[in-house]
Amino acid sequence: MSLQGRTALLAGATGLVGRSCLERLLEHPAYARVIVLVRRPTGITHDKLQEIRADFDALEGLSSVPAVDDVFITLGTTIKAAGSRPAFSKVDHDYVVSVAKIGKRAGARRLSLVSSIGADRSSMNFYLRVKGEAERDVSDLGYECVDILRPSMLLGDRTEHRAGEAFAAPILRGVSGAMIGPLRVYRPIEARDVAAAMVAGLVSDATAGVRIRTFDDIRQLAS
């Protein structure tokens, strides 16, 4: 499989991980073209970049996506920001699966998805259950390779203010070193490291199947 002249499809480019992922893709020599699905322009100008304005509530009817090789999905919100559980599920499940279907129709064979530590379709926790259902449904679409990244709290400068995370982040930074053994997966991690791991994972590892990547895997790929 050639690692040159590839085309990436990215959804979520204006979010915390997505912004860094877009930067990485535009810089990476393996990618000659980066197609971004957006509601509004990113404000970035680059020879490799093509933006496609999309109605995310009608994604599966989108027919203007050219052939792509790899799909990167960094979509995500919170129940508070979405306003309700159904609205959260629409973003973190429905939009995610719709983008994955668009990529598959466009010929993509590899996909990378940002999920969450603890994601489990059988979880009693609504947030984690929706994340787990999205993982399952994307994995069932027939991609040759699916990378699922499960970070804990993401660190970085958000364009939106999340009071709970702003309060918890410095505390978790302080105790991160004490989170050892099975607790290591819950260490907070820089969003830019997650983005770097997404790109490095698909470029460097063509192993078939579904790969679950947590804190140590992400840090290793990002290094």
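The lining of the largest cavity is made up of 5 nonpolar, 1 polar and 2 charged residues (Ala, Val, Leu, Ile, Met, Phe, Trp, Tyr, Cys and Pro count as nonpolar, Asp, Glu, Lys and Arg as charged, and the others, Gly among them, as polar). This is a predicted model, in which local features need pLDDT of at least 70 and side-chain atom pairs pLDDT 80 or more, while totals for chains, interfaces and linings use all residues. Residues are numbered from 1 along each chain as its sequence is written, and side-chain values use heavy atoms, without hydrogens and water.

The count comes to 1 cavity of 30 Å³ or more, and the volume of the largest is about 30 Å³. A cavity here is a set of points on a 1 Å grid over the protein atoms alone where a 1.4 Å probe fits but cannot get out, and lining residues have an atom within 4 Å of a point. Among those lining residues are Asp-92, Leu-113 and Lys-131.

Helices (H or I, at least four residues) and strands (E, at least two) are DSSP runs.

Now to the sheet: 7 strands form an open, parallel arrangement in the order S3-S2-S1-S4-S5-S6-S9. Strands S3 (49–53) and S9 (209–213) stand at the edges with a single partner strand each, so one side of each lacks a neighbour in the sheet. Strands S4 and S5 are joined by 4 bridges (two strands pair if DSSP finds at least two bridges between them), and Ile-73 has Leu-113 as its bridge partner in S5.

Technical notes: 1 Å grid on protein atoms, 1.4 Å probe; cavity = no way out; pocket = protein on both sides within 12 Å on 5 of 7 lines; lining within 4 Å. Points joined across faces, edges and corners; volume = space filled by probe spheres on them.
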